[in-house]
Amino acid sequence: MLMRTDPFRELDRLAQQLMGPGTWSRPSVMPMDAYREGDQYVVAFDLPGVAADAIDIDVERNMLTVKAERRPVAKADDVQMELSERPLGVFSRQIALADTLDTEHIKADYDAGVLTLRIPIAERAKPRKISIGVGSGHKEISG
């Protein structure tokens, strides 16, 4: 149901680690999982340390775009940073959704640093029975 469009994701991730934090014009990639659960697809993005108001979700036609920004935490004047490994900046992910998904009814939840999107499968894509008229009677076929 999801169309994979980024075969060089690991190379991009390594390059972005070397080039530093993401910006709105050059965002870093965020890790995600995608799976089917019953009659919906679930996509979960790891966004630890990102405030809910710093997340932007858009759908245009069948292209889902998620952008988030991890901002630096305000520190007191007497704080001296010893080690800083958590990346700051902008993170983004685009996913091409199949036509069989209902992009009008996407639900988003954010809990414990994980953004979870639930995308229902469109009614037209679900299996259904079609009856065939034979003479004066009908025969049902599962499809």
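Which residues is valine 66 in contact with, leaving aside its neighbours within four places in sequence? I will come back to that after a word on the model.

This is a predicted model, so local features need pLDDT of at least 70 and side-chain atom pairs count only at pLDDT 80 or more, while totals for chains, interfaces and linings use all residues. Residues are numbered from 1 along each chain as its sequence is written, and side-chain values use heavy atoms, with hydrogens and water left out.

First, the overall picture. Along the sequence the pattern reads β-α-β-β-β-β-β-β-β-β-β-β. Of the 143 residues, 25% count as buried, where buried means under 20% relative accessible area, exposed over 50%, and partly exposed in between, with a 1.4 Å probe and protein chains only. The accessible surface comes to about 10200 Å², and 52% of that belongs to carbon and sulfur atoms; the areas come from the Shrake-Rupley method with a 1.4 Å probe, and for residues only the protein chains shown count as cover. Taking contacts between residues at least 6 apart in sequence, 54% join residues at least 24 apart. Contact means heavy atoms within 4.5 Å.

Back to valine 66. Beyond those sequence neighbours, the contacts of valine 66 are Met30, Phe45, Ile55, Asp56, Ile57, Phe91, Ser92, Arg93, Leu115 and Leu117. Valine 66 is also the bridge partner, in E6, of isoleucine 57. Strand E5 (residues 55-60) and E6 pair in the antiparallel sense over six bridges; two strands pair if DSSP finds at least two bridges between them. Two residues lie between E5 and E6 in their hairpin, where arginine 61 takes a positive phi near 55°.

Next, the core. The largest nonpolar core has 19 residues, and Phe45, Leu47, Ile55, Val66 and Leu115 touch the most other members. A nonpolar core is a set of buried Ala, Val, Leu, Ile, Met, Phe, Trp, Tyr and Cys residues joined through side-chain atoms within 4.5 Å. At least two residues of this core come from each of strand E4 (40-46), strand E6 (63-70), E7 and E9.

One of the contacts of valine 66 is Arg93. Arginine 93 sits in strand E7 (residues 89-97) and counts as buried because its relative accessibility is 11%. Its side chain reaches the backbone oxygen of methionine 30 at 2.7 Å.

Now the open sheet. Four strands run in the order E3-E4-E9-E8, with antiparallel pairing. Strand E3 (32-37) and strand E8 (107-111) are at the edges with a single partner strand each, so one side of each has no neighbour in the sheet.

E8 and strand E9 (residues 114-120) run antiparallel and are joined by five bridges. Aspartate 111 has valine 114 as its bridge partner in E9. The hairpin of E8 and E9 has two residues between the strands, and alanine 112 in the turn has a positive phi of about 55°.

Last, threonine 116, in strand E9. Threonine 116 counts as buried because its relative accessibility is 15%. Apart from neighbours within four places in sequence, its contacts are Val42, Val43, Ala44, Lys107, Ala108 and Asp109.

Definitions and conventions:
Polar contact = N/O pair within 3.5 Å; in protein donor to acceptor, adjacent residues only side chain to side chain.
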